[in-house]
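My notes follow in the order in which I looked things up.

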Amino acid sequence: MRTRKCGYALVTLAMIATAVLAPGATPSAHATVAPFGDEFLWGVASSGFQSEGHAPDSNWTRYIDSGEAGDEYQNSVDFLNRHPSDIDLAARLGVQVYRIGIEWARLQPEPGVWDASAFRFYDDVIDRIVAAGMRPMLTLDHWVYPGWVSDRGGWRNPGIVEDWLANMRKVVDRYASRNPLWVTFNEPAAYVGTELRIGAITVDEAPAMLDRMAQAHNTIYDIIHHAAPDAQVTSNLGYVAGAETEVNQPMVDRIADKLDFIGVDYYFAVLPESGQSVQGGSNQGPAIWELPIRTEGIYYALRHYARLFPDRPLYVVENGMPTENAGQRADGYTRSEHLRDTVYWLQRAKADGIDLIGYNYWSLTDNYEWGSYTPRFGLYTVDVRTDPTLARRPTDAVDTYRTIIRSGGVPTGYRPTRPPAECELVDPPESCDQTVGLPD
């Protein structure tokens, strides 16, 4: 059976559905791009387990302890104690949105038992985000669940849905009044892929995990809207160039009626040698910092979902560029160049009528990239393995992002530092159907 790389594992195409897409916008030949208006939301993103440190018992602490995951966790970048200064770093960028995760394993260490001090920690984080003039984006599930849930079988157990909802209801009750943007599940297909890679589920169990996540999403969506009728809820989709319909459509089909905006994560193009579809972190193939980057691919990712959901706005919940231990990439692409080029294609998408309302950079700081501290995505780099002070050192992209936010994008007349590649190297067939290019 053929397989494609999805998320952090190989997922068989047997669990994938297909969809027919409606016609979409025709690429423009605009020589210039207009800045985004004041209503556009610029943000930064992080997750709970990846950055907080001091991790309670969970599926992921067990994966690490068993040797299945890679690097020791240590205390990651210690967001638990350093969140005031990290939030200040975000505020000084000028962003309007700060995405964080609310860790189930931290809140509910035992069945039926919630930790009041854990809620106070998230109270403080959210209060500081709001006081700094930013809007919180809260992720309910970023691939981590309590150890006692693992003991019950994790996503193999049908009872996980009610266990999950019992915790998430408390989160919604506590924070709905703060008017966050809500993300239910981070990259559901990649979540399945990660559990497959680790061995927490089998290929035969993957469809049931997807069903249970969809059931949990649809239920909590209604709960959130009961608490806050005007709430904005999504489940961000980790876009897989060359295989998006096959990989993510099964989840989209299950939750399409309960998405207020479409959250899209975009990172990589197809592998140039084979055309294989990838999403970083697989246990096979090139290292994540060696995967091909084609910034024009974000245009096709947005166009794909604009066609599929013409009545709903889109938000780039994650986008960034990995380096190896904060070194220079082999292709010479700098973080600033990548950021400016990406924003150009966001502005092109907007110019072509795509209803794009926001963009989050992944990530504010480096963090634990699901088994390794070697991949560095942060605007601020942190050397967890050798620097006991966990100093936040700005990359070249810090000033670049601040300038972009202040200006509403890249300047009129900007041309990307890397011209578009041949369409077969980006996101076929999407990128070979009404190919977007640069004006002469």
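For the charges I counted Lys and Arg as positive and Asp and Glu as negative, leaving out His and the chain ends. On that count, the 38 positive and 58 negative charges of the chain have mean positions that lie 2 Å apart. I keep in mind throughout that this is a predicted model.

**Entry: the whole chain**
I looked up the secondary structure and found 13 helices and 15 strands. The radius of gyration is 20 Å, close to the 22 Å that the globule rule gives for 440 residues, so the chain is as compact as a globular protein of that length. The C-alpha trace spans about 65 × 50 × 45 Å along its principal axes, and 62% of the 440 residues count as buried. I then checked the contacts between residues at least 6 apart in sequence, and 79% of these join residues at least 24 apart. The accessible surface comes to about 15700 Å², with 48% of it belonging to carbon and sulfur atoms.

**Entry: helix 13**
Which residues of helix 13 are buried? In this helix, which runs over residues 397-407, I found A397, V398, T400, Y401, I404 and I405 to be buried. They cover an arc of only 165 degrees around the axis, which puts them on the same side of helix 13. The face turned away from that buried side carries D399 and R406, which are exposed. I also asked what the buried residues pack against, and their partners include strand 3 (41-45), helix 3 (79-93) and helix 12 (335-351). Just after helix 13, G408 has a positive phi of about 80 degrees.

Most residues other than glycine have a negative phi, and most peptide bonds are trans. I therefore noted H54, in the loop between helix 1 (48-52) and helix 2 (59-65), whose phi is near 50 degrees although the residue is not a glycine; H54 is partly exposed, with a relative accessible area of 34%. Q434, in the segment after helix 13, has a positive phi of about 60 degrees and is partly exposed at 31%. W362 and S363 are joined by a cis peptide bond with omega of about 5 degrees, and the bond from P428 to P429 is cis with omega near 0 degrees.

**Entry: an exposed loop residue**
D38 sits in the loop between strand 2 (9-12) and strand 3, and this residue is exposed, with a relative accessible area of 82%.

Terms used. Residues numbered from 1 in each chain as written. Predicted model: local features only at pLDDT ≥ 70, side-chain atom pairs only at ≥ 80, totals over all residues. Heavy atoms only, no water. Buried < 20%, exposed > 50% of the residue type's maximum accessible area, 1.4 Å probe, protein only. Helix = DSSP H or I, 4+ residues; strand = E, 2+ residues; numbered from the N terminus. Arc of directions from axis to C-beta. Contact = heavy atoms within 4.5 Å. Rg over C-alpha atoms; globule rule 2.2 N^0.38 Å. Areas by Shrake-Rupley, 256 points an atom, 1.4 Å probe, with all protein chains shown as cover. Charge placed at Lys NZ, Arg CZ, Asp CG, Glu CD.
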